[in-house]
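Please prepare a short briefing on the protein shown below, written for a reader who is new to structural work.

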Amino acid sequence: MTMGAAPSPRAIAQAAAAAELQHWRLRTLLVLLRAAVAREGALEPLLGRHAALRDTLDAAADAGLADLTLDDAIERLDRRAQGAPTGPLSRLRDALGLGADGLGCFVAAALAADDPRLAAFVDELHGRAGRPTRATLALAFGAVAGSAALQRLRGAGALLEGEQDPGLAVPAALWELACGLPPDAGRWQHWPREALMPLPALILPAALRARLEAPPAPATWLLRGSPGSGRRTLAGALARAAGRGLVAAVDAPALASLGAAAALLDAAPLLSFEPAPARRSPGRRRPDCPRPVSCACRATAASRSTARRRAASTSSRPTPTSGAGTGPSPGPAARSMRRWSAGGCRAGGCIAPRRPCRPTRPMHWRRWPRRSARSAGMRWTASRAA
């Protein structure tokens with residue numbers, strides 16, 4: 001007797017995501033149906049107008065919710081969700097601090113996209129072209145709960161609301177992740193946990209390794225170094241040490257929802273900044289980003305992150321040292337190099353990095369010796385006079 005091949009981890013994760021999506025889709029439809037019945041006064045007229053609702057009741061009966069009221073069925077689904085395995089939607093709920101109704105606001109915005117037959121039903125609940133509006137969420141989940149969930153979902157880029165069109169929509173790339181599908185290569189660059197290099201396998205200086213392994217693990221890592229210095233490899237090792245994968249946004253629209261995508265993928269977000277020399281890059285940590293957040297920037301960049309963080313440099317050059325206050329004061333060029341070496345990081349808890357690469361901007365402010373400047377000017381004058 002031959003045994004079949006064991007399912008791959010990807011297949012297991014997709015099956016768990018599909019089961020979780022079916023659970024939250026059923027719960028959201030029952031909540032919307034409860035609001036519609038309270039408004040209509042009876043269930044039968046709704047079932048006569050929308051055949052898709054009959055399929056919803058059949059799915060509820062198959063889930064063991066037969067002969068229960070809508071309130072009891074929703075309550076039983078909530079009890080089942082407490083002991084269910086964690087999937088993409090559960091991770092998004094935990095990352096944003098949402099409740100069951102808050103996550104239902106996210107699922108309700110994608111119901112008609114999955115089943116166009118539900119568009120007319122959503123429009124009856126103050127929807128717009130099959131998409132729920134603020135009034136829909138207030139009617140189904142309550143005004144306070146709906147507004148709070150909408151604020152967090154919009155802030156994380158998980159819900160889109162147009163200025164002219166009040167309809168709410170879920171970005172298609174995020175909804176694919178919620179369904180357990182692989183991330184779109186045109187929007188996300190994803191490295192699973194198994195594909196990342198473990199932290200003990202990296203060849204690092206002893207001082208830098210001690211900084212990386214010192215508890216407690218910070219919420220944000222600021223990785224400074226030149227291109228090709230291994231910042232992404234180090235960020236992946238830190239993410240793997242935290243039990244997560246790594247994900248980065250490919251384009252600017254995907255960057256707005258990077259935290260939500262990281263939660264759905266169970267990955268740590270990687271942000272890249274390439275500011276000009278002596279410029280600051282806004283590295284403020286979003287509350288929806290799973291930990292740890294890695295910010296990769298050039299060795300001379302500064303960050304105004306308000307989160308507690310640690311900075312590490314991927315350069316192996318020694319840090320230049322100066323005298324102990326004796327001798328002549330350093331000139332403008334030396335003071336400039338000292339600023340470049342410090343990296344402009346002034347937040348508490350930062351570890352001073354090692355010496356980064358030299359500045360690419362020409363140091364035109366460097367002062368030449370007086371005799372050399374005079375002789376150079378005389379030669380220039382002589383050539384002009386000739």
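Leu 255 counts as partly exposed because its relative accessibility is 43%; buried means under 20% relative accessible area, exposed over 50%, and partly exposed in between, with a 1.4 Å probe and protein chains only. The model is a predicted one, in which local features need pLDDT of at least 70 and side-chain atom pairs count only at pLDDT 80 or more, while totals for chains, interfaces and linings use all residues. Residues are numbered from 1 along each chain as its sequence is written, and side-chain values use heavy atoms, with hydrogens and water left out.

**Leu 255 and its surroundings**

- Leu 255 lies in helix α14, residues 252-255; helices (H or I, at least four residues) and strands (E, at least two) are DSSP runs, numbered from the N terminus.
- Apart from neighbours within four places in sequence, Leu 255 is in contact with Ala 249 and Leu 271, where contact means heavy atoms within 4.5 Å.
- Leu 255 and Gly 157 are 98 residues apart in sequence, and their C-alpha atoms are 8.9 Å apart in space.

**The protein as a whole**

- The protein contains 17 helices and 10 strands.
- Of its 386 residues, 42% are buried.
- The protein exposes about 20500 Å², and carbon and sulfur atoms supply 55% of this area; accessible areas come from the Shrake-Rupley method with a 1.4 Å probe, and for residues only the protein chains shown count as cover.
- Among contacts with a separation of 6 or more, 68% join residues 24 or more positions apart.

**The nonpolar cores**

- In soluble globular proteins, nonpolar side chains tend to be buried together.
- A nonpolar core is a set of buried Ala, Val, Leu, Ile, Met, Phe, Trp, Tyr and Cys residues joined through side-chain atoms within 4.5 Å.
- The largest nonpolar core has 68 residues, and those that touch the most other members are Leu 89, Phe 106, Leu 153, Val 170, Leu 174, Trp 175 and Trp 188.
- Helix α1 (residues 9-40) provides the largest share of this core, with 10 residues.
- A second, separate core has 18 residues, including Leu 199, Leu 223, Leu 238 and Ala 248.
- Trp 188 touches, among others, Leu 174, Leu 177, Pro 183, Val 247 and Leu 258, when residues up to four places away in sequence are not counted.

**The packing of α1 against α6**

- Helices α1 and α6 (residues 100-108) pack at an angle of about 95 degrees, with their axes 9 Å apart; axes are lines fitted to C-alpha atoms, for helices over the stretch in contact, and angles run from 0 to 180 degrees between N-to-C directions.
- This angle makes α1 roughly perpendicular to α6, since angles of 65 to 115 degrees count as roughly perpendicular, under 35 as roughly parallel, over 145 as roughly antiparallel and the rest as oblique.
- On the α1 side the contact is made by Trp 24, Arg 25, Arg 27 and Thr 28, and on the α6 side by Ala 100, Asp 101, Leu 103, Gly 104, Val 107 and Ala 108.
- The contact residues divide into 5 nonpolar, 2 polar and 3 charged; Ala, Val, Leu, Ile, Met, Phe, Trp, Tyr, Cys and Pro count as nonpolar, Asp, Glu, Lys and Arg as charged, and the others, Gly among them, as polar.

- In helix α13 (residues 231-241), the buried residues are Arg 231, Leu 234, Ala 235, Gly 236, Ala 237, Leu 238 and Ala 239.
- These buried residues pack against α12 (206-213), β4, β5 (245-249), β6 (267-273) and β8 (293-297).
- Leu 223 is found in strand β4, residues 220-224, and counts as buried because its relative accessibility is 0%.
- The C-alpha atoms of Leu 223 and Ala 296 are 4.8 Å apart in space, although the two are 73 residues apart in sequence.
- Leu 202, in the loop between β3 (188-191) and α12, counts as buried at 11% relative accessibility.
- Not counting residues up to four places away in sequence, Leu 202 touches Met 197, Arg 209, Thr 233, Leu 234 and Ala 237.

**Positive phi values**

- His 126, a residue other than glycine, has a positive phi near 65 degrees and is found in the loop between α8 (119-124) and α9 (134-141).
- Asp 266, in the loop between α15 (258-265) and β6, has a positive phi near 55 degrees and counts as partly exposed at 28% relative accessibility.
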